[in-house]
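Here's a quick walk through this model, written for someone with the sequence and the 3D view open. Have a look around first, then read on.

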Amino acid sequence: MLTSFNRDFLPEVWLADFNSTVFKSLCENYTMKYHDNTWTVEKMNTNEVVAEAASLGMHPTTVLQNQWRMKDSKTGLWYDSFLYFEHTNLESSFDSPLSMHKIGYDFFMRKKLTKIVWYEDPSTGMIFHTAAKQKNDVFGKRYCCICGMSFSANNFVSQHMRKHPTISRMQSPVVECIFLDEI
Ligand SMILES: [Zn+2]
């Protein structure tokens, strides 16, 4: 489940379909999907596109916050928007890890983490936590979707992400700037 912010006329709550590729507003009047490097939000009854984001973000929550634009329903004119989406619930544990498919394969590459999460590495099926420091005597890791594997959480941003300088990291106006490596 996703929550939208700076949403203007759009609904607040969104649900992923089984494949986590199409998202529908809870009231079932809007659909959000990815096609040709662009996320679009359409009205379900008319297929009219009312919001779109040209983005390489692999999930609505990894679309950068200045990439959305929305269409004024009265004038039909497009305007820049600060629309963004967050996971409503990122609770996780070793026994109930998050799936990269559900949170976005580029999640750790773009998002600023505000808490530790547990996730399943899609390349190995192993369960990792994301803490930079040891937890239960195990060091944390984070998944890189370009390399297709997990790397040490301790220097993921300061070292590993330097290998991928074209990946833009999110600058959230809401969440205080917290360095990933310190969590
Ligand atoms: Zn990488």
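## A cysteine in a hairpin turn

Let's start with Cys 147, which sits in the loop between strand E13 (141-144) and strand E14 (149-152). Cys 147 is classed as exposed because it has 12 C-beta neighbours inside 10 Å. The scale works like this: a residue is buried if 20 or more other C-beta atoms lie within 10 Å of its own, exposed if 12 or fewer, and partly exposed in between, with C-beta atoms placed from the backbone. From Cys 147 to His 35 the C-alpha separation is 23 Å, and the two are 112 residues apart along the chain.

The flanking strands, E13 and E14, pair in the antiparallel sense over four bridges (pairing takes at least two DSSP bridges between two strands). Cys 144 has Met 149 in E14 as its bridge partner. Together E13 and E14 make a hairpin with four residues between them, and Gly 148 in the turn has a positive phi of about 75 degrees.

## How to read the numbers

This is a predicted model, so pLDDT matters: local features need at least 70, side-chain atom pairs count only at 80 or more, and totals for chains, interfaces and linings use all residues. Residues are numbered from 1 along each chain as its sequence is written.

Nine residues from domain 1 and 12 residues from domain 2 take part in the contact, where two residues count as touching if their C-beta atoms, placed from the backbone, lie within 7 Å.

## Two nonpolar cores

Which residues have the most contacts inside the largest nonpolar core? They are Met 100, Phe 108, Tyr 119, Tyr 143 and Phe 156, in a core of 18 residues. A nonpolar core means a set of buried Ala, Val, Leu, Ile, Met, Phe, Trp, Tyr and Cys residues joined through C-beta atoms within 7 Å. Helix H1 (100-103), helix H2 (107-110), strand E11 (118-120) and E13 each give two or more residues to this core, and H2 gives the most, with three.

Leaving aside neighbours within four places in sequence, Tyr 143 is in contact with Met 100, Phe 108, Tyr 119, Asp 121 and Ser 150. There's also a second, separate core of 16 residues, including Phe 23, Val 41, Val 63 and Phe 85.

## Exposed spots worth a look

Tyr 79 is in strand E8 (residues 78-80). Is Tyr 79 buried or exposed? Tyr 79 is exposed, because 10 other C-beta atoms lie within 10 Å. Beyond its neighbours within four places in sequence, Tyr 79 is in contact with Arg 69, Met 70 and Asp 72.

Most residues other than glycine have a negative phi. Glu 28, in the loop between strand E3 (22-25) and strand E4 (30-35), has a positive phi near 60 degrees. Asn 37, in the loop between E4 and strand E5 (38-43), also has a positive phi near 60 degrees. Glu 28 counts as exposed, with 10 C-beta neighbours inside 10 Å, and Asn 37 counts as exposed with 10 as well.
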